[in-house]
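Here's a quick briefing for anyone meeting this structure for the first time. Have a look at the model, then read on.

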Amino acid sequence: MLSIFPKFGAASLIDNKDNEQISLGKYFGCDEIIYDRENSLEKIVQKSKNYDKIILATYNTNKDSFANKIYDLLEKDKLIVVATRSPFDIIHLNDCKTYVCTFDCTKESLFALTDALKTNKFSTKLPVNLNI
C-alpha cells in the first residue's frame, strides 16, 4: 500500500497542536509520498503503479489544487481517498469510488483511520449532506 499525503505548511500546522508533520504512513506502516507543489506529478504517478492500493489524503482541496491534479492521474480502481479536513473535498473529485472522512488530521484521527483500514470497519454516517 502507498500513502500519498499532503505536506502541511505554516497556515495549516495550527490544526496540529504539536506543530509537526504527521502522516498516515507513520501509523499504517506503509510506503509514503509527502506531497506539495514541489513534487513531480509524473514521479508520483509512476511510483503509484507499483502498488495494489493507494491512499490519497486530501486537505481542503478544490478543483485547481495539487491534490486534485494527483487524483486525476491515479488509477481509480486502486484508490482510497481520505479527506483529512473537509468532507466536501469529494465535490472536486470526479468518479471517486472509495471515500473516507476523518474531519481533522491529528494523531488520534490518523490512529483511528489506521485501525479502520486494517479492520475494514467504518462508520457510514456523515454529520453533513454532501449532495453528490
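Let's start in the sheet: strands S3 and S4 (residues 79-83) run parallel and are joined by five bridges. Strands here are DSSP runs of E with at least two residues, helices are runs of H or I with at least four, and both are numbered from the N terminus; two strands pair if DSSP finds at least two bridges between them. This is a predicted model, where local features need pLDDT of at least 70, side-chain atom pairs count only at pLDDT 80 or more, and totals for chains, interfaces and linings use all residues. Residues are numbered from 1 along each chain as its sequence is written, and side-chain values use heavy atoms, with hydrogens and water left out.

**Around S3**
- Ala57 has Val82 as its bridge partner in S4.
- Strand S1 (residues 2-6) also runs parallel to S3, with three bridges joining them; Ile4 has Leu56 as its bridge partner in S3.
- S3 (residues 54-58) is mostly covered, with five of its five residues buried (under 20% relative accessible area, using a 1.4 Å probe and protein chains only).
- Ile54, Leu56 and Thr58 are buried on one side of S3, and so are Ile55 and Ala57 on the other.

**The crossover**
- S3, helix H3 (residues 66-73) and S4 form a right-handed β-α-β unit: with the strands pointing away from the viewer, the path from the first strand over the helix to the second runs clockwise.

Technical notes:
Buried means under 20% relative accessible area, exposed over 50%, partly exposed in between (1.4 Å probe, protein chains only).
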